[in-house]
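The following note is intended for a colleague who is meeting this structure for the first time. Its points treat the domains, the chain interface and the helix packing in turn.

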Amino acid sequence: MAVIAETGPDTRNLIARLWSNQQARSVIIQIVALTVVFAAFGFILRNVVINLENVGKEFNFSFFLYPAAYDITFSPFIEYSSRSTHLRAAVVGILNTMLVAACGIVLATIMGFIMGILRLSTNWLVNRLVYCFLEFTRNVPVLLHILFIHGLIVIQLPVPKMALNFADSFFLTNRGFYIPQPVWEPGAGIVAAAFVISVVFVVFFVRWAKKVQDETGRVYPVFLISTGAIVGATAVAFLAAGMPLSWSFPELKGFNFTGGLAIKPEFIALWLALSYYTSCFIAEIVRAGILAVSHGQTEAAYALGLRPNRTLQLIVIPQALRVIVPPLASQYLNLTKNSSLAIAIGYMDVVATVGGITLMQTGKEMETMMVVLLIYLTFSLVISGFMNWFNRKMMLVEREAKKKRAFFSFKTGTGEDS
Amino acid sequence: MSEGNTAAQSYAPGTHPDLPAPIRTTGPVAWVRMNLFSSPLNVALTLVAIGLLWWVMPPLFEWIVLDSVWTAESRKECWDKMEVPEGGACWAFIKDRLRLFVYGFYPQASRWRVNLSFVLLAMAVVPVLYDKMPGRKFGLWYAVAFPFIAGWLLVGGLGLTPVDTDQFGGILLTLIIGVTGISFSLPIGILLALGRRSKMPVMRILCVMFIEFIRGVPLIALLFIASSMLNFFLPPGTVFDLLIRVLIMVTLFAAAYIAEVVRGGLQGIPIGQFEAADSLGLTYVKAQMLIILPQALKISIPGIVNTFIGLYKDTTLVLIIGMLDPLGIGRASLADAVWAGLSREVYLFVALFFFVCCFSMSRYSLYLERKLHTGH
């Protein structure tokens, strides 16, 4: 470096001298960045205040307590009428979003795992068939899938009078699917209590069995005992309480069905489309995850004398899950965010209620959109928090191993691995 | 081993000619046995798959090709021409609306400008995709300039008749949003990723906040903000074109995802590379441009292309705020009483358009990955 030769006092001005000092430079850059950002925010805030004043709007959230005056046709959890408040409409929207996201996540996971495993099948035909389906579905916008399925239900399915009838209890019509609804009678509490107690028991039993296995190597048939306990306890309580359950069957009265559980076409379309669209991405993740477990692991397990199903359960799946969980979490987030497309087919989720009709009726763009953004950020935080927790649980074994190794290398004074 | 074995010959070690493989391990029959009927489960799966194909494919083929009608003036005429009403696809509808699907409501007289920008786009894409093209350096500069040239051609002004952006639609609109989003989100995303890994806490926090905020909310909410709220953020009296607002939102949205992908790539670079760049006395910018980013971007290609594909598919969401992309044009056409009821044709057509675009993008990314793979 030729610069070293110049050792005289730096005669450049202060700014230039500060600029050539790395620490000073980073401080300057940060101060400038912060100033720019604050100035931009200040500018936006000022514009917002002036603009709101110009159109004569106030910034407050009191409109949430006024009657909403619009109908929501799908509100399975809480009572809602057009006389309810905007706040209640928002809650209905949030619950609807949560419902379709939760159902979608469950179905997408099941379908994704099945398709991911089928993609690994040595059966050429099945492999290719699943591949074609995956590639086609993945490369077409999810909004198109949603509109297509919705159109299929609304246009192709018959009117209630000529509903597709399955065993006189399941009806598919263009106004929705009608299925028998369970009606709980007095005494159902006992059954529910038995179910909860057996689940709690199973949780403790699984932990205990794992501890025993870790310490002594004895393996209990955990799955059989758990299933037996839950099903058995619930069944016994059900019989003991005198079978407190009856079914309400849908019946055709006039032009539509009454009784039973009505599932709206909007919900079904959104649910199915989101599920199979997301499941295609999950299938690729599952496939990559299973392929990431090297074949040597399986061979080592066989060499130790483990049977194939134990190998899968104890060796392959735990390691594959470690690769699968992080991208799976982001797919769950995507599904939840994509559920906002509900507005295209009129399913009343949180964007359609708060960000749609409430916004239109009250003209409070700022407030409603802020609420919508906050709600989605909360969803994202909760889902990624849960998946991080699950991920940590999966990682636990490796972490301990690492810690031990680090401890060992510290003691011997060698080892400086990455 | 000597008597009665007249055909036996003795060979020196290693000189015996290769025998044909056992008959049961080669040929189509063996292939079928190994790949389709190797176990009871596989037999069942194969039968189910064949059954599924048998059930779906012939009717689908009949509907799309054999029983379809290509020339008609209305849905009624279409269905009259078929042996079974609704038994085939009515492609006449798509043919009738094809111009709408491509140009939207772009003025008839100025459509040569759209065609010209399609040609220019193709010319800009080639040097970006193929590095063996002669004169690629010039081509790349042209590709950088292309969005601005196309913007001038399409919007008009400076000698051309101005065209309102709300007349843009169809494939033209998809390409505008897609190309703008792709070309601007990559540099912004890279800057965000570098900011997120910066040693300066303020930069890091700002970038993290931006990225996590964008990734935490659905695009549709951002588009609503663009359409209803953004005007409040600007000085009173500013009129800001809706298309530009949408472009900004889509670009920022994609940039946040690109940033995460690139960050993954940056994390994959061993620390020795950073130290080597430092010890050579490279400045931060030079070290990033010459050492770090080329390697990091190479690792992140699959993720980047996936983000681009996602962005391209997400352009359909603009129909919810009232812009007419191909899907929106299709929905609007379905409202026409002459053609109403042909939704399957419309959705299949639009799906095919997106499939062709996105599938070729993903194939190209695979090719690029193989080409850039310098490992062992």
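1. Domain bounds, as used here, come from an automatic or database domain assignment. For chain B that assignment gives domain 1 (23–60) and domain 2 (98–106 + 163–372). The centres of domain 1 of chain B and domain 2 of chain B, taken over C-alpha atoms, are separated by 42 Å.

2. This is a predicted model, in which local features need pLDDT of at least 70 and side-chain atom pairs count only at pLDDT 80 or more, while totals for chains, interfaces and linings use all residues; side-chain values use heavy atoms, with hydrogens and water left out. Residues are numbered from 1 along each chain as its sequence is written, and chains are lettered from A and ligands numbered from 1 in the order in which they are written.

3. Chain A is divided into domain 1 (14–54) and domain 2 (86–158 + 264–412). Between the centres of domain 1 of chain A and domain 2 of chain A, taken over C-alpha atoms, lie 40 Å.

4. At the interface, 55 residues of chain A are in contact (heavy atoms within 4.5 Å) with 54 residues of chain B. Buried area is the accessible area (1.4 Å probe) that two parts lose on being put together, summed over both. Between chain A and chain B it is about 4800 Å², and carbon and sulfur atoms give 75% of this. In chain A, the most area is lost to chain B by A:Gln30, A:Asn139 and A:Leu144, together 12% of what that side buries.

5. One helix pair spans the two chains. Helices (H or I, at least four residues) are DSSP runs numbered from the N terminus; their axes are lines fitted to C-alpha atoms over the stretch in contact, and angles run from 0 to 180 degrees between N-to-C directions. Helix H5 (residues 142–156) of chain A and helix H14 (residues 343–372) of chain B have axes that come within 10 Å and cross at roughly 165°. H5(A) is therefore roughly antiparallel to H14(B), a term for angles over 145 degrees; those under 35 count as roughly parallel, 65 to 115 as roughly perpendicular and the rest as oblique. Among the residues that meet are A:Leu144 and A:Phe148 in H5(A), and B:Arg344 and B:Tyr347 in H14(B).

6. Within chain B, helix H7 (residues 170–196) and helix H12 (residues 284–314) pack at an angle of about 140°, with their axes 10 Å apart. H7(B) is therefore oblique to H12(B). The contact includes B:Gly178 and B:Gly181 of H7(B) and B:Phe308 and B:Tyr312 of H12(B). Its residues divide into 13 nonpolar, five polar and no charged. Here Ala, Val, Leu, Ile, Met, Phe, Trp, Tyr, Cys and Pro count as nonpolar, Asp, Glu, Lys and Arg as charged, and the others, Gly among them, as polar.

7. A further pair in chain B is helix H4 (residues 91–103) and helix H13 (residues 326–334), whose axes come within 10 Å and cross at roughly 130°. H4(B) is therefore oblique to H13(B). This contact is made by B:Phe93, B:Arg97, B:Leu100 and B:Phe101 of H4(B) with B:Pro326, B:Ile329, B:Gly330, B:Ser333 and B:Leu334 of H13(B). By class, six of these residues are nonpolar, two polar and one charged.
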